[in-house]
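Subject: Structure handover

Hello,

Here is the structure for you to look through. Please open it first, then read my notes below.

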Amino acid sequence: MKTTDIHIIDNGVLLTRSFEEALKFHRGNAYWGCALAFRMLQYAAQLLSREKTWEWQDLTIESGHPGPGVKDTIEYVTGCVSAGRFQLTCTTGETRCVSDMDYSWRVNDGKQYLTLRLADGIVSSEFLQLLDIINRNEANEHHYEHLESLKKAMTEKIWSLDLEQAFPDARLIRSC
């Protein structure tokens, strides 16, 4: 698995964020969500740091994905959640993965506004169906085992793709 650390400035201090540390910060089993958010943030850092490294205190993030791995990784890398600069935009009130969540993010650094959406075909339809079964409390051991195998496969896929493939059609707009 390839990993590329993310660099971000916090009050003048350059911080380095790694995927391994994001997993430790999460402390849960949502490693697919952690990988997804980390890759999204890698791309955001690349696109928003062309002129200078992006700064922690300038960022706001909107997420269509309510899962705990995604939210924890956004917090670990950017601090936006605890600083009140994070907004969940999906229609569900859930704070867990649900089948109708949106795999899109908007990141604003005060000068630029970036929109990213996960490419079609990365998230398995079987995964989404299993989420519905689990969230209705109808899952058995086989469902959970299959969910784990799908999470592993999606995690491997997100790491195998170039960022441009994983998040095609990125839109970067300069703020006024």
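Start at Ser49, in the loop between helix 2 (31-48) and strand 3 (60-63). Helices (H or I, at least four residues) and strands (E, at least two) are DSSP runs, numbered from the N terminus. This is a predicted model: local features need pLDDT of at least 70, side-chain atom pairs count only at pLDDT 80 or more, and totals for chains, interfaces and linings use all residues. Residues are numbered from 1 along each chain as its sequence is written, and side-chain values use heavy atoms, with hydrogens and water left out.

Ser49 has a relative accessible area of 22%. That makes Ser49 partly exposed (buried is under 20%, exposed over 50%, partly exposed in between; 1.4 Å probe, protein chains only). A polar atom of the Ser49 side chain lies 2.9 Å from the backbone oxygen of Ala45. His7 is 42 residues from Ser49 in sequence, yet 9.2 Å away in space, C-alpha to C-alpha.

Next, Glu75. Glu75 sits in helix 3 (residues 68-78). A polar atom of the Glu75 side chain is 3.0 Å from the backbone nitrogen of Val81. Beyond neighbours within four places in sequence, Glu75 is in contact (heavy atoms within 4.5 Å) with Phe25, Cys80, Val81 and Ser82.

Best wishes

Notes
A polar contact is a pair of N or O atoms within 3.5 Å; within protein, one must be able to donate a hydrogen and the other to accept it, and residues adjacent in sequence count only if both atoms are side-chain atoms.
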